[in-house]
Amino acid sequence: MTDTSAPGTLWVVATPIGNLDDFTPRARALLESTAVIAAEDTRVSSRLLTERREPVQWVSLHEHNESRAIDGLIEQLTAGTDVALISDAGTPLISDPGYRLVSAAHAAGIPVRTVPGPSAATAALSVAGLPTDRFLFAGFLPARASARRKHLRELARRHETLVFYAPARDLPAVLDDLAAVFGPSRMATLCRELTKLHETVRRDALEALRDWTRDDPDQQRGEAVLVVAGSDDPERAINIDALAMELARELPPSRAAKVLARLTGLDRQTAWQRIEAIRSED
Ligand code: SAM
């Protein structure tokens, strides 16, 4: 409905992360009635609109065109048209596009309202059995192993529970890096294919989860969230990689390797290789 005296509303609407029964009545009603729907992949999202009678204007809004699409959407909102923003699955903006549109709407004085619902991050936290009073949503890790380890080293001493998104095919590699950087016995919960037929929720030490996902190809299918316990002891959290990084920064390589070997019990050659690997990443 268009009212020239007042701006429209930008509705940010959550949709299911797998199980269509999680489509809330309010989200369904909004998507059945809103004039314009901005969606990542309009073909994926059109499957949600089984009962819609009025025609809908789809606007494609994805990572690569968000800046360009915003102007047109803000123009429509300013002219009084309501817009619903959805993503392929779950809550928009959570590792999904939409932040720039929502920011532009606020800047233009357009009301922004939420229709909350599923998100893989909160669903995983709710079943992980790890502290939830404070958590850090870390989203996707870098694809390259060296960049990933570097990023993980920055998180190794955080006390909050950490939440990572990952395609399940990457789980053995990601868990291998997590075990190496956070320590093999740090607890984590693997949440895979949540709300779907082959849902997996398994809590174990990082090393055990790595071996399990590596040895069972079924665990490498679909989508996953890793909820990882925060560091419980600042002293123990200074693991070999973190120590090697500090030594590599502070000392010449041969001296750094010598001190690393002495403090950790690593043999000189392994200590040298660790220092060299860190130096090549920096
Ligand atoms: N906006 C979404 C949300 O609210 O969770 C996340 C979108 S992000 C592009 C996609 C990632 O979310 C996947 O790679 C996976 O890490 C996670 N994810 C989405 N659906 C999932 C599910 N059913 N089970 C486990 N993880 C899921």
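Leu10 stands opposite Val83 in strand 4, where a strand is a DSSP run (E, at least two residues) numbered from the N terminus. The model is predicted, with local features needing pLDDT of at least 70 and side-chain atom pairs counting only at pLDDT 80 or more, while totals for chains, interfaces and linings use all residues. Residues are numbered from 1 along each chain as its sequence is written, and side-chain values use heavy atoms, leaving out hydrogens and water.

**The sheet**
- Strand 1 (residues 10–13) and strand 4 (residues 83–85) run parallel and are joined by three bridges; two strands pair if DSSP finds at least two bridges between them.
- Helix 4 (residues 99–107) packs on the sheet and touches strand 1, strand 4 and strand 5; a helix is a DSSP run (H or I, at least four residues), and contact means heavy atoms within 4.5 Å.
- The open sheet consists of five strands in the order 3-2-4-1-5, with parallel pairing.
- Strand 3 (57–60) and strand 5 (112–115) are the edge strands, each pairing on one side only.

**The nonpolar cores**
- The largest nonpolar core has 23 residues; such a core is a set of buried Ala, Val, Leu, Ile, Met, Phe, Trp, Tyr and Cys residues joined through side-chain atoms within 4.5 Å, and buried means under 20% relative accessible area (1.4 Å probe, protein chains only).
- Helix 7 supplies the largest share of this core, seven residues.
- A second, separate core of 17 residues includes Val36, Ala69, Ile70 and Leu85.

Methods: Axes are lines fitted to C-alpha atoms, for helices over the stretch in contact, and angles run from 0 to 180 degrees between N-to-C directions. Buried means under 20% relative accessible area, exposed over 50%, partly exposed in between (1.4 Å probe, protein chains only).
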